[in-house]
Amino acid sequence: MLGCINAGAAEYLLKPLRVDVVKTLFLKLHRSHSLQPDGGLHDRIKTTAAKDSALAKAMMDIYAPPISQKRSLAPLSSHRAAFLRRMIAMWDFCPFDVDHDDLIHCSYLIFEQVLSCPEMSHITVNKNQMYDFIFELSVSYHNGNAYHNFAHAVDVLQCLYHFLCKLGVLPFPGNVTRPQDLLRPTDVFALLIAALGHDAAHPGVNNMFMINSATPLALLYNDRSVLESFHSMTLFQILKKHGIDRCLGNPEDFQAFRKTVVASILATDMSLHNDYVKKIKDQPVRLRNLSALDESAREEERMLLCSALIKCADISNVTRPFRRAVKWAELLAQEFMCQGDIERKLGMPVQPMNDRDKMVLEDMQIGFIQFVAFTLFESVSKVTHEMTFTVESMQQNLKQWETRKREQSEKSEPIEEKQPRKSEAEYRLSLDASATKTASTTATPSNTSTDKIFNGLPQMPAVAMASYGNSPNNEWLSANGTTPAHDGVYCQCTIM
């Protein structure tokens with residue numbers, strides 16, 4: 001037996017061990033291990049790091065392939081730059097009014113304005129470096145996705161920038177007297193980076209699909225915030241490639257930056273929505289006396305505030321002007337139905353919100369606003385009162401969706417008996433029941449391979465940027481760049 005152990009079969013036993021053998025067995029095991037060549041912990045760490053790098057590179061090559069030949073951007077004239085600056089200052093921002101190059105310019109102009117603040121002088125990112133980073137990040141997005149594409153990323157970035165301006169964080173205040181004053185310059189930069197990269201390389205299906213079909217990413221991330229973890233990894237690989245990680249001043253600043261980016265992206269996992277809302281609801285009480293908070297408490301509240309802001313930006317379509325809301329809602333429904341088609345083709349139960357035979361756009365939006373979005377925005381507005389305008393816009397949009405629903409019902413022939421509207425409990429129960437049913441009945445059969453899942457899928461509908469909204473010379477862009485009255489909107493980066 002000891003000979004077997006000496007030979008390396010440490011888990012192979014011929015018969016139960018006697019007590020005296022057990023007492024001395026560790027000596028034989030130590031001898032066995034000591035005979036094996038080992039470069040020590042340092043070499044093992046180096047080997048592990050090399051393997052990690054190889055894994056990260058392989059994942060990036062598969063999910064976000066490097067650009068073989070960089071395409072030059074359309075030059076930005078001073079007149080066009082002035083137009084885009086007015087555009088990004090508006091709440092009525094619409095990424096479909098411009099092309100892909102202009103979306104890259106919009107992103108750069110936001111960062112340019114923020115990084116020009118004196119408090120940002122420790123972040124040494126130059127113009128070419130920033131443009132190259134934004135360009136490659138834009139390519140990582142699959143613009144074949146109806147909703148989760150680069151237009152959505154820029155929309156979330158612009159929304160967060162608008163929030164920060166509304167909150168008076170930009171330009172930075174001199175002292176901490178309001179909850180939003182907890183945000184430091186590095187946090188603001190991290191939030192904006194997170195906004196632009198929060199859905200990098202999104203495949204166009206949600207976490208439930210990834211988990212139920214046992215995709216490699218779901219296995220890699222242990223079925224927890226699968227896509228959000230993947231987006232964060234992708235973003236940091238691109239940041240590192242362009243040296244942004246070395247432009248934060250010192251290692252401590254980078255660690256703070258990374259912590260904020262990762263936490264913010266993970267907060268966009270809608271399966272954790274209620275947990276975040278509960279914490280945000282209690283935040284006003286905890287922030288009554290900011291001066292009494294110790295550094296640990298400030299850090300915790302700061303991270304929660306960052307999570308709250310990016311969550312609001314991520315589903316901000318419900319708070320934008322209604323005509324923008326409708327376009328975003330239609331695109332999201334289109335992406336959902338494409339996933340439903342895939343689920344049906346693979347023999348998986350189709351989640352109700354993805355079933356094109358059952359989806360009613362107005363019902364989807366009304367339910368989402370009433371039972372998901374409203375509590376978030378209302379809770380955040382109680383922490384930072386400057387966010388109240390989003391609640392007012394959402395309420396206006398809800399009325400318009402209800403009007404559309406009523407008009408659709410009146411046009412129906414024959415007129416069907418109206419079903420009573422679901423209560424919040426019934427709405428949540430229907431979602432939970434759907435998720436439970438899907439999880440319990442779609443554990444991927446043993447003969448279902450990853451190749452079967454990803455080969456031969458119906459193509460995602462492409463979105464022509466210029467086909468939505470007006471031409472760049474549109475009526476809503478006023479000469480002085482002022483924002484029109486907030487007449488509402490929808491959004492749903494949804495239950496992804």
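This is a predicted model: local features need pLDDT of at least 70, side-chain atom pairs count only at pLDDT 80 or more; totals for chains, interfaces and linings use all residues.

Residues are numbered from 1 along each chain as its sequence is written, and side-chain values use heavy atoms, with hydrogens and water left out.

Helix α7 (residues 150-166) and helix α8 (residues 185-197) pack at an angle of about 155°, and their axes lie 7 Å apart; the two are therefore roughly antiparallel, a term for angles over 145 degrees. On the α7 side the contact (heavy atoms within 4.5 Å) includes F150, Y161 and L164, and on the α8 side it includes V188 and L196. The residues of this contact divide into 13 nonpolar, no polar and no charged.

The structure holds zero disulfides (a disulfide being a pair of cysteine sulfur atoms within 2.5 Å). For C165, the nearest cysteine sulfur is that of C117, 8.9 Å away.

Relative accessible area is compared below, where buried means under 20%, exposed over 50% and partly exposed in between, with a 1.4 Å probe and protein chains only.

| Residue | Relative accessible area | Class |
|---|---|---|
| C106 | 0% | buried |
| C165 | 34% | partly exposed |
| E301 | 5% | buried |

E301 lies in helix α14 (residues 295-314). Its side chain makes a polar contact with the side chain of Q283 at 2.9 Å, where such a contact is a pair of N or O atoms within 3.5 Å, one able to donate a hydrogen and the other to accept it. Leaving aside residues up to four places away in sequence, E301 touches L182, Q283, R286, L287 and L293.

How values were computed:
Axes are lines fitted to C-alpha atoms, for helices over the stretch in contact, and angles run from 0 to 180 degrees between N-to-C directions. Helices (H or I, at least four residues) and strands (E, at least two) are DSSP runs, numbered from the N terminus. Angles under 35 degrees count as roughly parallel, over 145 as roughly antiparallel, 65 to 115 as roughly perpendicular and the rest as oblique. Ala, Val, Leu, Ile, Met, Phe, Trp, Tyr, Cys and Pro count as nonpolar, Asp, Glu, Lys and Arg as charged, and the others, Gly among them, as polar.
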